[in-house]
6 protein chains.
Amino acid sequence: MLLHQSTWIEIEQFLQRSRTVVIPIGSNEQHGPTGLLGTDWMCPEIIAHEAQKNADILIGPTFNIGMAQHHLGFPGTISLRPSTFIAAIGDWVRSLAGHGFEKILFLNGHGGNIASIEAAFSELYAEASFARRPAGFALKLFNWWDLEGVGELAHKQFPTGHGSHATPSEIAVTQWAYPDAIKSAHYSPQIANTGPIREAKDFRARFPDGRMGSDPALATPEKGGELVALAAKGLVQAVDTFSREPKPD
Amino acid sequence: MLLHQSTWIEIEQFLQRSRTVVIPIGSNEQHGPTGLLGTDWMCPEIIAHEAQKNADILIGPTFNIGMAQHHLGFPGTISLRPSTFIAAIGDWVRSLAGHGFEKILFLNGHGGNIASIEAAFSELYAEASFARRPAGFALKLFNWWDLEGVGELAHKQFPTGHGSHATPSEIAVTQWAYPDAIKSAHYSPQIANTGPIREAKDFRARFPDGRMGSDPALATPEKGGELVALAAKGLVQAVDTFSREPKPD
Amino acid sequence: MLLHQSTWIEIEQFLQRSRTVVIPIGSNEQHGPTGLLGTDWMCPEIIAHEAQKNADILIGPTFNIGMAQHHLGFPGTISLRPSTFIAAIGDWVRSLAGHGFEKILFLNGHGGNIASIEAAFSELYAEASFARRPAGFALKLFNWWDLEGVGELAHKQFPTGHGSHATPSEIAVTQWAYPDAIKSAHYSPQIANTGPIREAKDFRARFPDGRMGSDPALATPEKGGELVALAAKGLVQAVDTFSREPKPD
Amino acid sequence: MLLHQSTWIEIEQFLQRSRTVVIPIGSNEQHGPTGLLGTDWMCPEIIAHEAQKNADILIGPTFNIGMAQHHLGFPGTISLRPSTFIAAIGDWVRSLAGHGFEKILFLNGHGGNIASIEAAFSELYAEASFARRPAGFALKLFNWWDLEGVGELAHKQFPTGHGSHATPSEIAVTQWAYPDAIKSAHYSPQIANTGPIREAKDFRARFPDGRMGSDPALATPEKGGELVALAAKGLVQAVDTFSREPKPD
Amino acid sequence: MLLHQSTWIEIEQFLQRSRTVVIPIGSNEQHGPTGLLGTDWMCPEIIAHEAQKNADILIGPTFNIGMAQHHLGFPGTISLRPSTFIAAIGDWVRSLAGHGFEKILFLNGHGGNIASIEAAFSELYAEASFARRPAGFALKLFNWWDLEGVGELAHKQFPTGHGSHATPSEIAVTQWAYPDAIKSAHYSPQIANTGPIREAKDFRARFPDGRMGSDPALATPEKGGELVALAAKGLVQAVDTFSREPKPD
Amino acid sequence: MLLHQSTWIEIEQFLQRSRTVVIPIGSNEQHGPTGLLGTDWMCPEIIAHEAQKNADILIGPTFNIGMAQHHLGFPGTISLRPSTFIAAIGDWVRSLAGHGFEKILFLNGHGGNIASIEAAFSELYAEASFARRPAGFALKLFNWWDLEGVGELAHKQFPTGHGSHATPSEIAVTQWAYPDAIKSAHYSPQIANTGPIREAKDFRARFPDGRMGSDPALATPEKGGELVALAAKGLVQAVDTFSREPKPD
């Protein structure tokens, strides 16, 4: 069930049977010579939309801009500062919690988001903690590549050249979903180098075409389809486990 | 051309021939018994995506959560506070301007966003003004219903019962784009009443089913298609005019 | 009744008979070669002070600095950023609402303030909406030139050359109130040109003497007196209507 | 010379002969049974306006709302939080410094403002200090009662019953300037008690009629006139000294 | 009793017998050619730790970075902006007040902190005042040099050359506590000059070796020991007086 | 070399030979029935102070309050919100970078700090990235338990009952450094249970005595001494590696 394609009355009814909602969250940032700028928000969106086709779970609109400051040296990247990101996640959660949602699961598509999302969760919990009252909600972050079995599959599909940015697995997912937008390029070197992440000018100097440790040429739509199918199954299971988690006495 | 389905290299090339980008912006909020929660961000997205099919214009990702505080009494609404909204628009604009975009056009789908978007523009210009330097960019807001001819068409299509929230014109647009998500309901009264907008509890008391002055039963996918076609044409023209606007000497 | 010339005991008594207060709000910014820097806050102050002479309405201190970032290229302009402006309006409203005022009417003298004031209202309402409780107050913005009949009178007085900044109508109002501060200059062109509002450097390049579309030479103290009399009457009426507005059931 | 009754061209000319501007700053807050709510911003305004009649000094608009949180228990008080206050002072200073003002003197009328104004100055200086560049301006705070000779005169006029809030000296100043707004009351006790300043509920419990240590019945318009005359002279002198202060080598 | 060397259970027990806690607060900033960078936070820490040896008072962790923007021109200085400082003090107080502490005494070691600490107190009280509820805590600032008798002793020890920054008294205190870190230098001039405090570049130009009006050569560990002993006694007394202060009826 | 026990001239000299500084950072929070409230900031301080005894590395003052919102249900815990924490880390880094430090290493003692510290780093880098300029500094976070060999030693020392909060390893470190502050208690159960971290009320309900998965009875001062010795060695090595890290071309 897609929240944005539902009416408020349908959501009111959904709240009778579940208090859990999934928010796909990612980033809009360069993904090397062939990766789509939207890769990191399109992957969790693709997986979450797929998952709700066969399960009674609720998927919210996609939070499509994240913490991508280090990619700002490449055109098309759009980033929030952590402080803005934290404020925005806060307003999403406060909106949803006010409707009665008690379990809010962010399905994340960008490694660079993790620290800021966790900090946002702490900021939200702190509001309750400073006031010595219960928060009324539980927040959880799942990276799609950490869903049950997904990491193993990616490792099997791409034993070398997976890397950490513009990876063949994420590119495969978007190839499966948007076959008309598959791009190609000559990569040099075939597997990109690695290094630390600092600010944008430093990043572009270290990683001239934007990839980190990856060989995107390994991606195929078929492998993407396999990843989506497994991740969608893993998401349904993660939602189920999270929904059942008991409160402390 | 969709920014998020492009690579950074394609955007770098686009910047050689144009310095203008369009951001669809809206809100995720209740739209009465039959309107989709995503109506206000889906409408500008639908129109902008349609427009780029036949014109060399660049459409960014959709800014899908806006200023909908007065709808928070209805489940499914997600709102940013104006302060968060202003901060986030700021980071989008600073990201894009840093890449060389000089004309950033927000195609808006929610009347309640207008004041906060304009305030965000002022906040961004003020950074330059306090430093007594040029901003390097021009910002413009277009509501899709104000694009050339669109208001007249809507008035012709819906001479009565158009109203100002959950209007038949916006619902028609989403019906055209998402025919599988068309909903129906019995409306009472047929045309909803009107009144002032205050905070969420007050809003729900004044407008029990969420509509303001509208009769959504008048919407049809066909009328939606007419609106989209005309608005898409109007957007291409608005982009062209904005792109040509000269700087002062 | 002027709040700042009253004691707290007199305000406590006023609250027994009315819950409405008027705040004149404007901007301190260049107004062309002959307009006073204080024009935009002095106009609503003049009108509001006049109005309370013959009616039992309460006028607060004048909020004299607004959103004038685009005028910062001209000496004497003082501007708040929208974010500061919103925070300050918030503290004024929270102070007054805490005393029991339920209807707070801002009488505005500057077009550039409108978006930020409306955004401030939304920010205030959002505090209540996110908490799902009533705000306890209603906020309304009136531009003095939109008070009953005022626009028509100005149009009759100045059929051409009214423009939108450093207008003969606002200059006439200050001439009537401060006859010792009437200035004169040679205007070239007689009617200033028009154009978009961006940041300060751009503004000064487009509008070299600070006027937008206006011929201030048309102003006279007599015309100013007529405008003040009509606007004062309109304000009393607006306060009355706002005070009577019922809450939803 | 009053900035708000001048044109931008007159300010541009003033900047040829002086780089100093005076901002009257105060608070709008209860002042006991007979003191006007505007006392603390009207006093520095009265003195500064008087001072510019016989000296070529520039007086800006009055910053009329300050840090009065502890008076919020009394109707009519309007307060900014320190954080809002600091932000607003910052925007005033940045506006004025951008025009070329290098010495900005705040003439203060409220003891409760001092810490926050000094903190605002530090915040402004810190912007330059963190960037290791000169600020380009110097900021100074003068309380009107600390101007040359004023404290001694007040002590001579009111050897007992001066106190620290709703003092006979400040009330006398407003009586001189606004003789039509002189109020009277029976005081009990004649001289109010003293104590620490905490939050508003605590304040009202300690100081039931709002006074702190004062007997306002001692005020007369004549004494007010003497104070204004001396303070105006002291202000001219303070401006002169500040203007001449050399920069370090 | 040192809070950080206690367990939460010991603090829970302490709260049965007292609701007062002392926070040493200072700054890490240059202190001339021989003063330690930590002088301003080490002095109140030394005194507070000494005081708790013979009295049942509770000393919290030291707040060691304050408002030192004007010293940023000298290596080793670490400063918070006033806005950050105020936010941090706020979180400390909200944490402690939530545990039941009702009297929170900051023992300060840096004159430059005073305005910002007082502004922080006002910001905290304002939260309660705007909500018209009691704060539940009282906050007090003591500079260690203002504790009973300390100023007199310093004056007797250092009748000339005390000055206001890198003073022999504060240096003597650190010499007593950290004899291994005593430094020496040739001073020129022997007694440093004085002047106003602005931003960092200005400060370093006015005060080339960092001292203001002081002759640190006068410091000895013995004099430091005398100051610590007296200040520790004064602190115990100040805590006692503050703890006994009654609430208003 | 301890920064706070040095003069600014000594730091100026240090900067001739190194551009690296270490900041111990932790948290002040409950650590079960026997752990000291300061454990998490005292551990990195102890290790860093030990490390500088035999190596020419510079240790700054300890950042002693971190992100401990979930422990606020236990007396003595002091927490910053993530937003305050990020702002404060920002000011520390901007202060140090302004002096010429190019490598700033935070030695962390609290797992709950990690996300917020990383978010703070991103916020700092983003300032440079949005402006498309180099940051001028590199930031790195080390948890003391991740220093070379430390995790293995702890695992060998405490094969069971280590847990994740109030661990025997961190308690052993403080026992070694502060033998007079060793506490004892009866634990029930001997090894505490585990679970997710939410807000403070939830935390205290899940973890009644504050421990998570640990048996602190296993700690001894001797084991603490071994950990400190190894960690100090690891820190010197980490500083060396970080200092040598080359910039990109």
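**Chain A, view by view**

**View 1. The fold of chain A.** Chain A of this predicted model carries eight helices and three strands. Both kinds of element are DSSP runs numbered from the N terminus: helices are H or I with at least four residues, strands are E with at least two. Starting at the N terminus, the order reads α-β-α-α-β-α-β-α-α-α-α. The radius of gyration (over C-alpha atoms) is 18 Å, close to the 18 Å from the globule rule (2.2 Å times the number of residues to the power 0.38) for 249 residues, so chain A is as compact as a globular protein of that length. Along the principal axes, its C-alpha atoms fill a box of roughly 55 × 40 × 30 Å.

View 2. Of the 249 residues in chain A, 65% are buried, meaning under 20% relative accessible area with a 1.4 Å probe, protein chains only.

**View 3. Contacts along the chain.** Take contacts (heavy atoms within 4.5 Å) between residues at least 6 apart in sequence: 75% of them join residues at least 24 apart.

**View 4. Confidence.** The average pLDDT (per-residue predictor confidence, 0 to 100) of chain A is 97, and 100% of the residues score at least 70. For the complex, the predictor reports an ipTM of 0.98 and a pTM of 0.98.

**Notes.** Residues count from 1 along each chain as its sequence is written, while chains are lettered from A and ligands numbered from 1 in written order. Local features need pLDDT of at least 70, side-chain atom pairs count only at pLDDT 80 or more, totals for chains, interfaces and linings use all residues, and side-chain values use heavy atoms, leaving out hydrogens and water.

Definitions and conventions
Buried < 20%, exposed > 50% of the residue type's maximum accessible area, 1.4 Å probe, protein only.
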